[in-house]
Amino acid sequence: MANAIEAEGLVKEYGEVRALDGLSFSVPEGMVFGLLGPNGAGKSTTVRILTTLSRADSGTARVAGHDVVSDPAAVRRAIGVVGQRSGVDREATGTENLHLQGQVHGLRGRELAARADGLLRQFGLADAAGRLVRTYSGGMQRRLDIAMALVHRPQVLFLDEPTTGLDPEVRAEMWREIERLAREEGLSILLTTHYLEEADRLAADLAIVDRGRVVAGGSPERLKAELRGDSIHVELAFAANGAVHAALEPLPGIRELVVDGASLHARADEGARAVPVVLGALEARGLDVASVTVSRPSLDDVYLRHAGRSFE
Amino acid sequence: MTVLRHVGYMAMRDLRALWRQPWYIAVTLVQPVIWLLLFGELFKSVADLPGFSGSYIAYLAPGIVVMSALFSSGWSGMGTIEDIDRGVTDRLLVSPVRRSALIAGRVAQGAVVIVVQSVIMVGLALAVGASFPGGVLGVVVLVLVAALLGSAFGALSNSLALVTRQEESLIGAVTFLVLPLTFLSTALMRDDLLPGWMRTVADVNPVDWAIEAGRSAVGANPDWGLVVGNVALLTALLLACGALATTAFRSYQRSV
């Protein structure tokens, strides 16, 4: 099977800041692929390079089989992009936005009108088609963004943090929309997000990005399965790095202890049993505990393990 | 061909947005009218000075037409800044739209506005008693030079917008340029009545090239050598400003 996206050793520096530090990944055709990482990890820079908006200092990338540097025009014809910022023209109507987008992709006349109408209906915007986008709600604008990215039937769709800034209800609606696109249109989708839940739900495969590099990859299930046992998270009343290590490291069954300021993460085979032991050991050293939680492994734990610090 | 079509799409988008702002249209039309009537009254007795013949308003009208073109095109870059801020530019850049059409479309939209504005002002000047012996051809030349100058200045405004990327900086730069450019010209006062140094400045002032050519063309005895020469100069200026805008656009693309 061919790859929709291939990125190899991408490096990008902005002055002193190394935004991408040899980032590589590939996305098979027809897959929803998630690029997961906190803000500033390099996700958006990656999308900008893959969509021909900016150039990598080194490394190569191919999208839909075309090199982004030597054949950007072919890449632009093959992709649809929903950027972090909306990018719709607020002073135009929904229909006008779709028509302009179609026109620059070479669609015209009846074909364009039919395509625009179809998309407006599909995204529940038919009633608002003649209204200025300025009057749309955030969710409606986002749906129009996606409709515009699809007007020329692209092979590869980029969704750069598509649900950032949306309220939970609209976010859930967007997730259903993205799932439908992947299922019905057979699109290859690159989704960047800093919401673990979003990556977990939508992406068939993930690359976890940290400081401009891919630190882990695989399906969400596989990544979580690599972690044995439950996750224990304790918030202390105050930061106490050395004392925490001294208190907990001798305990049997406590693994992968990570202390980050006043919060500490560890893994244990049976979380419920480990909690009293952990609390006892901490209190014996005079360390006050503010809260404690035990949970099944999540992508946050995956991130913690590979990046050495908590996600948020 | 594709480039022209894309320029058309971009210009249409801007014109449509403009059309939806009736207050803005009203102000851009009323302002030159006020200039014309206000200056026409204020400097009425200038026409009594030796060297003037005919009414001052007939003398003034071509100057105000060109000045209004300069004023309105100065703000052309504002839309570019807004598009960058709102992500519209990025969305267009990831599409196959011709890069040159993004700025050229906006400049073309400005030219359309200038043509409409100029024709209305010529009509108004006629209504308040000015006469243009140069006839329709003369008026066409006047509108053409106004559009050429406005387009060049619009391209310059877009270049500044792409470099500063701040509305405040653009407003400052444009305000800094337009008034001196207007007053260091023969818009309000005959060439031979200007102080010597001002005449020298006016000779290299593109605003004056446009005014001299337009005024000559609508006058009784057009100096076609001067008209053609100045149209050529303004065309060269437009090409130079277009090249500058293209460079500014490339540097913007590299910086993001």
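This is a predicted model: local features need pLDDT of at least 70, side-chain atom pairs count only at pLDDT 80 or more; totals for chains, interfaces and linings use all residues.
Me: What makes H7(B) mostly covered?

Reply: Of its 30 residues, 24 are buried. Residues are numbered from 1 along each chain as its sequence is written, with chains lettered from A and ligands numbered from 1 in the order in which they are written.

Me: Why does the end-to-end distance of helix H7 of chain B agree with its number of residues?

Reply: The expected span is 1.5 Å times one less than the number of residues. For the 30 residues of H7 (135–164) that should give 44 Å, and the end C-alpha atoms are 43 Å apart, so the two agree. Helices are DSSP runs of H or I, at least four residues, and strands are runs of E, at least two, numbered from the N terminus.

Me: Why are S4 and S5 of chain A called paired?

Reply: Pairing takes at least two bridges found by DSSP, and S4 (58–63) and S5(A) have two, in the antiparallel sense. In this pair, A:Arg62 stands opposite A:Asp67 of S5(A).

Me: Which order do the four strands of the open sheet in chain A take?

Reply: The order is S2-S1-S4-S5, with antiparallel pairing. S2 (17–28) and S5 (66–67) of chain A are the edge strands, as each pairs on one side only.

Definitions and conventions:
A residue is buried if 20 or more other C-beta atoms lie within 10 Å of its own, exposed if 12 or fewer, and partly exposed in between; C-beta atoms are placed from the backbone.
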